Amino acid sequence: MDASQQRTYHDLPQNRQWRSLLSFYKKGFLCDVEFVVGEDKIAAHKIILCSASNYFQVMFQSDFSEKKKNLVDFSSSFSDITTLSSVLDYIYDGEIYLTSDTVMEILDISVQFLLLELQGHCAQFLLERLQPQNALQTWYVAHLYDLRELEEVSQIVVQATFCRKFIFTKSVYVLTAPFLTSLLHDTRLNINSVDRIEMVLWWLSYDDTARLTEAEFLISNYIRQNPLPSGYNFNETDAFDDLDPSLKTKLKDRFSPLISEAGHSLEIKRLSISDSSDKKFQWCLLVQEEGNDLAAFYCGLTKTWFLTTIFWEPGDIIGIINPYYLVHVSAKTNVSLVDLTNSSSKPVSNIFRSLDKKTLTTEEDTFDIFCLDGDLYVLITTFSGLNRKPVFGVYKYDTLSDSWNLHMEINYEYFGDEMCPGDKASVALKVHIDLFNSYLMVTVSTKRRVEVAQTAHGEYQFQELKNFHVISFDITSKKYETCGSRWHEPICLQKTPAVFLQDRICFLKHVDHKILAEKFRSSLLAHEEYFMEATCLLLEDRTWEKVTIGLPAPNLPPLPIKCSTPDYDLQVTSAFDKLYVGVQRAPYVFQVAMYNLSNFSANILPYTSLPLIGNPILTVFCCEKSISTWVTSTNKHIETQTFYFTDYTIQTWQGSKRTPDEI
């Protein structure tokens with residue numbers, strides 16, 4: 001057996017008053033009660049058993065036959081003496097050895113014998129081996145035995161990772177009808193209405209005689225409240241094939257009319273949702289795990305997560321363009337388009353190869369690639385003339401011809417008409433999207449050497465000046481306007497995250513999202529408000545001000561588990577008027593807090609449907625319609641090999657654990 005599937009647990013503290021009696025128990029010395037399982041017997045001391053459990057106090061103090069005979073027959077409760085012997089050993093020395101094969105039987109005994117600490121050890125063992133493949137079974141067991149902390153954590157894992165592939169498993173077979181009802185109506189599960197109906201049919205196929213009445217009620221009640229696709233025929237499903245032929249006929253007669261009616265109502269609801277939306281843009285989140293093709297999208301319109309497959313490669317996702325391409329950028333200039341309908345990827349022609357290399361600069365950050373109104377653009381700084389004055393060129397990508405075309409060109413005269421001999425200008429820029437006005441906001445940092453004196457030998461002396469400008473580009477009218485400038489700016493504001501409010505642009509002080517994430521992590525661990533400094537440009541009067549923005553630690557729902565090395569894998573990104581903080585709270589438990597800086601409100605998004613284990617990547621962008629209409633969902637999930645909850649313990653658990661090698 002794999003060592004990760006077995007563990008030895010013992011109570012804390014270990015210094016029990018009756019520990020010296022362990023040797024008496026092992027030798028059978030002065031024992032006054034015997035337990036029988038089949039033909040096997042094991043002896044123990046009543047006083048020890050009574051001190052450990054009220055169950056034995058009642059047994060030996062009441063008028064039970066066991067009190068007089070000093071013999072307890074457990075043949076009907078246990079298959080063999082081994083499990084009972086393990087539990088009695090635990091009562092004496094506080095140590096229990098658990099494996100995947102024995103944990104359920106020992107848990108059942110611990111509940112019967114009212115051994116709360118032993119229940120905690122079993123719950124801890126189940127937590128440590130919790131993963132998507134067994135999350136539903138663990139949730140059900142925790143619910144059945146009232147292990148509330150384990151139930152809460154496993155429920156979260158189920159809600160984040162459950163999909164169609166887990167429907168046709170033994171975990172669904174064993175569920176009770178009330179538990180299946182709660183599962184059927186849980187809107188946080190990542191399965192559609194068709195999958196939910198098939199889940200009931202699969203559950204019914206295990207015992208169609210005893211469960212028929214309950215299954216009829218479940219299906220009838222569900223399809224009256226929830227739409228099914230038009231033309232859906234449940235007698236063509238995988239689960240339906242496993243039913244008895246006579247039962248198939250009965251189900252067809254009872255459910256076909258009701259399902260057909262539900263299907264027509266779905267089309268009406270879809271039309272009403274589509275027609276009622278007057279928003280030009282919809283925002284969405286993309287969560288990926290480094291090195292994994294599986295990804296999760298969050299649709300801001302439908303407020304739901306769904307899974308898809310995107311070919312993983314290092315780089316950044318910058319947005320979506322028409323008709324259905326996700327734009328990926330790596331190594332700064334390598335652009336590829338990911339087809340959201342089939343997850344295929346194709347490269348984009350390199351624009352820099354078609355430009356005159358003499359006009360380009362070797363300085364970094366002189367260009368930026370971005371998406372706007374469903375199209376892909378690049379803003380490039382070139383230099384013209386003897387004095388190499390900067391020129392901003394906006395090039396638009398044509399997906400049909402795989403070519404770049406000059407869309408607009410601007411000679412930005414921020415230096416004035418005259419430049420002195422020896423002057424050298426450099427430009428660093430970054431593009432931000434102003435979603436309120438559909439403008440392109442370009443932040444430009446300029447660095448120029450200015451002549452200040454001439455020496456006796458005729459050499460020039462120069463002073464380096466750094467300036468910062470915010471320019472608004474209207475892609476449609478091909479015009480630009482300077483919104484504001486700061487002279488001798490000490491901070492490279494063109495590199496900082498920017499948040500767009502209705503009347504101002506806030507440039508966050510920290511130079512990038514990674515530093516911002518580190519600062520936020522400290523605040524989150526301390527449960528304290530995080531104060532973030534920002535430099536704001538007031539667009540109306542074009543003045544600047546410094547402000548401090550107070551952001552409370554995300555009010556994430558508490559998890560009833562704790563990590564031996566408490567930390568958060570945290571991602572921060574900003575877009576438009578919002579700041580997004582993604583927190584990896586535990587394996588498969590990734591949640592995003594969305595701060596709206598326009599009204600200083602905060603929302604906690606549902607748990608992502610991506611079974612994240614570590615190294616999450618959070619991206620936000622906008623598109624012209626709901627992302628769910630473009631992306632093809634998948635049922636693929638991560639195949640886990642080890643147990644990722646081994647560093648976590650249940651909050652109320654009092655004990656310690658040792659691996660087999662440490663015993």
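Figure 1. Leaving aside residues up to four places away in sequence, L84 touches F35, V37, I42, F74, F78 and F113, a contact being heavy atoms within 4.5 Å. This is a predicted model, in which local features need pLDDT of at least 70 and side-chain atom pairs count only at pLDDT 80 or more, while totals for chains, interfaces and linings use all residues. Residues are numbered from 1 along each chain as its sequence is written, and side-chain values use heavy atoms, with hydrogens and water left out.

L84 is, with F35 and F645, among the residues with the most contacts inside the largest nonpolar core, which has 98 residues. Such a core is a set of buried Ala, Val, Leu, Ile, Met, Phe, Trp, Tyr and Cys residues joined through side-chain atoms within 4.5 Å. Buried denotes under 20% relative accessible area, exposed over 50%, and partly exposed the range in between (1.4 Å probe, protein chains only). Helix α12 (residues 193–206) supplies the largest share of this core, eight residues. Helices (H or I, at least four residues) and strands (E, at least two) are DSSP runs, numbered from the N terminus. A second, separate core of 23 residues includes A517, L524, Y530 and C536.

Figure 2. Strand β2 (residues 33–37) and strand β3 (residues 40–44) run antiparallel and are joined by five bridges; two strands pair if DSSP finds at least two bridges between them. Within this pairing, V36 stands opposite K41 in β3. Two residues lie between the strands of the hairpin, and G38 in the turn has a positive phi of about 65°.

Figure 3. Strand β28 (residues 589–596) is joined to β29 by four bridges, and N596 stands opposite S601 in β29.

**Figure 4. The salt bridge of E198 and R164.** A salt bridge is a side-chain nitrogen of Lys or Arg within 4 Å of a carboxyl oxygen of Asp or Glu; by this rule the count comes to ten. The side chains of E198 and R164 meet at 3.1 Å, N to O. Because E198 lies in helix α12 and R164 in the loop between α9 (148–161) and α10 (170–173), the pair ties together parts that are 34 residues apart in sequence. Both E198 and R164 are buried. R164, D195 and E198 are linked in a network of salt bridges.

**Figure 5. The salt bridge of D375 and K396.** The side chains of D375 and K396 meet at 3.6 Å, N to O. D375 lies in strand β14 (residues 375–384) and K396 in strand β15 (residues 389–398), so that the pair links distant parts of the chain, 21 residues apart. D375 counts as partly exposed at 22% relative accessibility, and K396 is partly exposed with a relative accessible area of 29%.
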